[in-house]
Amino acid sequence: RHILELFFQRVIDLIKCDSNVKAVLESSCSPNDMAAMKKRTPKMTVVNRVLAIEECRCAVWKALGLDLSVPLPVLNTERLLYGRVSDIGHDPGLQNVFVANSCHKDFKSFIAGICVLFKREMVEFDTDKALIG
């Protein structure tokens, strides 16, 4: 979850500072979402909804230097809060981001892609083996 928070904060900062990205968002997003994005700390669900718009995602990915083939998976915030992806707490200083092998391939590709931005490594774990300790 922490790496998602880092990623979304990076996106928020980018949207506020990069005039090209901001112009794409203003032409592609609803007025309500654009107003929400201009707030000091927009909600993760708003940022996720904005990134789901292909033009917005491409503009953000290009500005961040992410490969455009890195997909944006459907991010269910409720599931993410409860252990589907975990790097244990808020900024634990770990270099690994652990992702369950049961996660969708687009989600795993997305996490692997953003791990590069934060110099982290994605480690996939087997949920069946994790349950038995």
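**Figure 1. Side-chain contact between Arg57 and the backbone of Leu68.** In this predicted model, the side chain of Arg57 comes to 3.3 Å from the backbone oxygen of Leu68. Arg57 lies in helix H5. With a relative accessible area of 9%, Arg57 is buried, because residues under 20% fall in that class. Leaving aside residues up to four places away in sequence, Arg57 touches Leu51, Leu68, Val70 and Leu72.

**Figure 2. The largest nonpolar core.** This core has 38 residues. Those with the most contacts inside the core are Phe7, Leu51, Trp61, Phe110, Ile111 and Ile114. Two or more residues come from each of H1, H2, helix H3 (31-37), helix H4 (44-51), helix H5 (54-64), strand S2 (96-100) and helix H7 (105-117). H1 gives the most, with eight residues. In soluble globular proteins, nonpolar side chains tend to be buried together.

**Figure 3. Crossing of helices H1 and H2.** The axes of H1 (residues 2-17) and H2 (residues 19-28) come within 6 Å, and they cross at roughly 95°. H1 is therefore roughly perpendicular to H2. On the H1 side, the contact is made by Leu14, Ile15 and Cys17. On the H2 side, the contact is made by Ser19, Val21, Lys22 and Leu25. By type, the residues of this contact are five nonpolar, one polar and one charged.

**Figure 4. Backbone at Lys119.** Lys119 is found in the loop between H7 and strand S3 (121-125). Its phi is positive, at about 55°, although Lys119 is not a glycine. Most residues other than glycine have a negative phi. Lys119 is exposed, with a relative accessible area of 68%, whereas Arg57 in Figure 1 is buried.

**Figure 5. Setting of the close-ups in the whole chain.** The protein has eight helices and three strands. Along the sequence, these elements follow the pattern α-α-α-α-α-α-β-β-α-β-α. Of the 133 residues in the protein, 39% are buried. Among contacts between residues at least 6 apart in sequence, 63% join residues at least 24 apart.

Key: Residues are numbered from 1 along each chain as its sequence is written. This is a predicted model: local features need pLDDT of at least 70, side-chain atom pairs count only at pLDDT 80 or more; totals for chains, interfaces and linings use all residues. Side-chain values use heavy atoms; hydrogens and water are left out. Axes are lines fitted to C-alpha atoms, for helices over the stretch in contact, and angles run from 0 to 180 degrees between N-to-C directions. Helices (H or I, at least four residues) and strands (E, at least two) are DSSP runs, numbered from the N terminus. Angles under 35 degrees count as roughly parallel, over 145 as roughly antiparallel, 65 to 115 as roughly perpendicular and the rest as oblique. Contact means heavy atoms within 4.5 Å. Ala, Val, Leu, Ile, Met, Phe, Trp, Tyr, Cys and Pro count as nonpolar, Asp, Glu, Lys and Arg as charged, and the others, Gly among them, as polar. A nonpolar core is a set of buried Ala, Val, Leu, Ile, Met, Phe, Trp, Tyr and Cys residues joined through side-chain atoms within 4.5 Å. Buried means under 20% relative accessible area, exposed over 50%, partly exposed in between (1.4 Å probe, protein chains only). A polar contact is a pair of N or O atoms within 3.5 Å; within protein, one must be able to donate a hydrogen and the other to accept it, and residues adjacent in sequence count only if both atoms are side-chain atoms.
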